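Please look through the sequence and the model below before reading on.

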Amino acid sequence: TPAKPATPVTTPGQQTSSATQIGGSTGSPTLYGQADLAVNIDRIGYLATTSAESFVASSTVPNGSRPAIVFTVKNVGTNVSAPWSFTATIPTATSYVYTAPLQQALRPGESIQFTLGFDQANKGSNQKISIHVNPNGADAAAANNDSFATLTILGN
């Protein structure tokens, strides 16, 4: 009798978080002009735990939860940015402005996403959160350096 073929054993590979370009040009684009950092608030909501991975998108923050936003900074210009920073105006009882440490330079087309949660939030509707990107150097369009959103924060 012929031997039965062995059943192949499949095991999942190691999880990665990188991307590899397939096809197209692998060379670097020619740099010219200026960098242009643009900020966009992608989602508003809250953190279900202290982890950024627990973000829940919602326009209303339940009582006892930490309000949070997810936003992206992207270089939409044609040159490498200088190191840069951002500030976040957060609706807290003492009107707090968070200033981020200096961030890495971004090449044209590169972006970075942040999740920012906070405590001691003001309760009520239309609580405004704003993000301002400070490019620390030449920036082609200052008009896209600001983004804001509002949310409702429930209280007792």
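The model is a predicted one, in which local features need pLDDT of at least 70 and side-chain atom pairs count only at pLDDT 80 or more, whereas totals for chains, interfaces and linings use all residues. Residues are numbered from 1 along each chain as its sequence is written, and side-chain values use heavy atoms, with hydrogens and water left out.

The secondary structure of the protein chain comes to zero helices and nine strands, where helices (H or I, at least four residues) and strands (E, at least two) are DSSP runs, numbered from the N terminus. Four of the strands form an open sheet in the order β2-β1-β4-β7, with antiparallel pairing; two strands pair if DSSP finds at least two bridges between them. Because β2 (55-57) and β7 (111-117) stand at the edges with a single partner strand each, one side of each is left without a neighbour in the sheet. Strand β1 (residues 37-47) runs antiparallel to β2 and is joined to β2 by three bridges, and tyrosine 46 stands opposite valine 56 in β2.

How many aromatic pairs does the structure hold? There are five, counting rings of Phe, Tyr and Trp (its six-membered ring) whose centres lie within 6.5 Å, with planes under 30 degrees apart taken as stacked, over 60 as edge-to-face and the rest as tilted. The rings of phenylalanine 71 and phenylalanine 86 have their centres 5.1 Å apart and their planes at 75°, so this pair is edge-to-face. Since phenylalanine 71 lies in strand β4 (residues 66-75) and phenylalanine 86 in strand β5 (residues 85-90), the pair ties together parts that are 15 residues apart in sequence. The rings of phenylalanine 86 and tyrosine 98 have centres 6.0 Å apart and planes at 50°, so that pair is tilted. Ring pairs link Phe71, Trp84, Phe86, Tyr98 and Phe114 into a cluster.

Burial is judged by relative accessible area (buried under 20%, exposed over 50%, partly exposed in between; 1.4 Å probe, protein chains only). Phenylalanine 86 therefore counts as buried at 4% relative accessibility, while tyrosine 98, at 27%, counts as partly exposed. Of the 156 residues of the protein chain, 31% count as buried.
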